[in-house]
Amino acid sequence: MSRKIVAFIIFLLGAGIFFLGMLQTNLNCDKLSDICVLQSSIPAVRLNLDSMRFKLSDMKEITCERRTQASRGSGRRAYYELTLNIKNEPYVLETCPNFKICRRHADKLLDFKHLTEYKKFDYKTSIGVSNVMGVVLGAVLIILGLKMFFDKNEDN
């Protein structure tokens, strides 16, 4: 019986890590009303975590900042964070595997802000480099929990 409780706890832990790894940030802007909305959500369960409204004119700059994470062996792997600065406060929109992709996304946002042909803009981020590990770990824990829960061999 205690094995099933441990398996259920592992399953719940895996499900939590899996869904938090799917965190998505969306940026919606409208030039006519000079309003932008920055929203964090988990789309798999249609849950909005945070929402912030600000003026388009408050968006100061968009940068690509280099970060590192552990990789196989003893090395470190670099990735880039697409960071939006609003009133000198940084907000990470997305993580990208290399600088070229990050710069392309930053240029899209800057083009919208400075070019007059665009009236509305909707920027939805994808699952970033830093979140992929959470999704994989969560899936492994879900599978492990289910295997332990439905395994017929009961150790005495």
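**Charged pairs and a sheet**

Tutor: Let's start with Lys-87: its relative accessibility is 57%, so Lys-87 counts as exposed. Keep in mind that this is a predicted model.

Student: OK, so which side chain meets Lys-87 in a salt bridge?

Tutor: That's Asp-58, with an N to O distance of 3.7 Å. Asp-58 sits in the loop between E3 and strand E4 (59–70), and Lys-87 in the loop between strand E5 (76–86) and strand E6 (89–96), so the pair ties together parts that are 29 residues apart in sequence.

Student: And is Asp-58 buried or exposed?

Tutor: Buried, at a relative accessible area of 15%. The cut-off for buried is under 20%.

Student: How many salt bridges does a search of the whole structure find?

Tutor: Five. Another one joins the side chains of Glu-81 and Arg-67, at 3.2 Å, N to O. That pair links distant parts of the chain, with Glu-81 in strand E5 and Arg-67 in strand E4, 14 residues apart.

Student: What about burial for Glu-81?

Tutor: Glu-81 is buried, with a relative accessible area of 12%, while Arg-67 is partly exposed at 34%. Glu-65 comes in here too: Glu-65, Arg-67 and Glu-81 are linked in a network of salt bridges.

Student: Where do Arg-103 and Asp-107 sit?

Tutor: In helix H2, four residues apart, so about one helical turn separates them. Arg-103 is partly exposed at 25% relative accessible area, and Asp-107 is partly exposed at 35%.

Student: Switching to the sheet. What's the strand order?

Tutor: E3-E2-E1-E7, four strands in an open sheet with antiparallel pairing. Strand E3 (47–55) and E7 are the edge strands, each pairing on one side only. On average, neighbouring strands are turned by 15° against each other, direction ignored.

Student: What packs on the sheet?

Tutor: Helix H2 (residues 99–114), which touches E1 and E7. The direction of H2 makes about 160° with that of E7.

Student: How many bridges are there between E1 and E7?

Tutor: Five, in the antiparallel sense, with E1 covering residues 24–30. Cys-29 has Phe-121 in E7 as its bridge partner, and Asn-26 stands opposite Lys-124 in E7.

Student: Last one: which side chains of E7 are buried?

Tutor: Phe-121 and Tyr-123, which point to one face.

Technical notes. Residues are numbered from 1 along each chain as its sequence is written. This is a predicted model: local features need pLDDT of at least 70, side-chain atom pairs count only at pLDDT 80 or more; totals for chains, interfaces and linings use all residues. Side-chain values use heavy atoms; hydrogens and water are left out. Buried means under 20% relative accessible area, exposed over 50%, partly exposed in between (1.4 Å probe, protein chains only). Helices (H or I, at least four residues) and strands (E, at least two) are DSSP runs, numbered from the N terminus. Two strands pair if DSSP finds at least two bridges between them. Axes are lines fitted to C-alpha atoms, for helices over the stretch in contact, and angles run from 0 to 180 degrees between N-to-C directions. Contact means heavy atoms within 4.5 Å. A salt bridge is a side-chain nitrogen of Lys or Arg within 4 Å of a carboxyl oxygen of Asp or Glu.
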